[in-house]
Amino acid sequence: MKYKKLILRDVEGDGNCFYSALAKQIEKHGIAFTHEEMREFIIKQIENNQELYKDFIPEGIDKFIADNLEVGTWADNVIIQAAANELELNIEIHLADGTITTISPNKNSIDTIILYFTGNHYMSVEGIYYLEDSISNNTVIAFDCTTVTFPPLESIHNSNGLFDIISDF
């Protein structure tokens, strides 16, 4: 059996975690953003392309924009799609149950950034190790910090050592 071990960079759980985790991923491409700058950058995508998003925002686009400009407002599916579109990158989101969701931009892209979502908190995936046979032997098959294609995750229980979390705070 093959396992993946995710190396996660944690960010503050202050309602800005999606933007902070995204900024950590973008940093790898040599571009520095604060979570506030990342939020504004993504909201500009929605403001400038309202026709793409308006049908997915029942409360109305103006209220949505105003609410999401507030620091601490959690990202939703519309924000994640707008981020993929604005950055022109695929956003691959790993969930604790092993599910992987990829949000693709409206323009073709082969580049991917990887995030991990616990159900209420986003983290940046700094690396992925592939392990063979058992967790105890720790045989590394491959390592990549930015773009990865791989089979579904069989398990991601921290008690089995299948992810490590790095924290800057």
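Let me start with Asn 68. Apart from neighbours within four places in sequence, Asn 68 is in contact with Tyr 19, Arg 39, Ile 43, Thr 73, Trp 74 and Ile 79. Before going on, note that this is a predicted model.

Is Asn 68 buried or exposed? Its relative accessible area is 4%, and the cut-off for buried is under 20%, so Asn 68 counts as buried. Asn 68 sits in helix H4. Where does its side chain go? The side chain of Asn 68 reaches the backbone oxygen of Phe 64, at 2.9 Å.

Two of the contacts I listed, Arg 39 and Ile 43, take us to helix H2. H2 and H4, the latter being residues 61–69, have axes that come within 10 Å and cross at roughly 175 degrees. That makes the two helices, H2 and H4, roughly antiparallel. On the H2 side the contact is made by Arg 39, Glu 40, Ile 43, Ile 46 and Glu 47. On the H4 side we have Ile 61, Phe 64, Ile 65, Asn 68 and Leu 69. By class, the contact of H2 with H4 has six nonpolar residues, one polar and three charged.

Tyr 19, also on the list for Asn 68, belongs to helix H1. H1 covers residues 17–27 and H2 covers residues 35–48. Their axes come within 8 Å and cross at roughly 95 degrees, so H1 and H2 are roughly perpendicular to each other. From H1, the residues involved are Phe 18, Tyr 19, Ser 20, Leu 22, Ala 23 and Ile 26. They meet His 35, Met 38, Arg 39 and Ile 42 of H2. The contact of H1 with H2 divides into seven nonpolar, two polar and one charged.

Now the strands. Why call S2, residues 90–95, largely enclosed by the rest of the structure? Because five of its six residues are buried. What does S2 pair with? With strand S4, residues 112–117, S2 pairs in the parallel sense over six bridges. In that pairing His 94 stands opposite Tyr 116. With strand S3, residues 100–103, the sense is antiparallel, over four bridges. There Glu 92 stands opposite Thr 102. S2 and S3 form a hairpin with four residues between them, and Gly 98 in the turn has a positive phi of about 95 degrees.

That is all from me.

Technical notes
Residues numbered from 1 in each chain as written. Predicted model: local features only at pLDDT ≥ 70, side-chain atom pairs only at ≥ 80, totals over all residues. Heavy atoms only, no water. Axes fitted to C-alpha atoms, helices over the stretch in contact; angles between N-to-C directions. Parallel < 35°, antiparallel > 145°, perpendicular 65-115°, else oblique. Contact = heavy atoms within 4.5 Å. Nonpolar A, V, L, I, M, F, W, Y, C, P; charged D, E, K, R; others polar. Buried < 20%, exposed > 50% of the residue type's maximum accessible area, 1.4 Å probe, protein only. Pairing = 2+ DSSP bridges. Polar contact = N/O pair within 3.5 Å; in protein donor to acceptor, adjacent residues only side chain to side chain.
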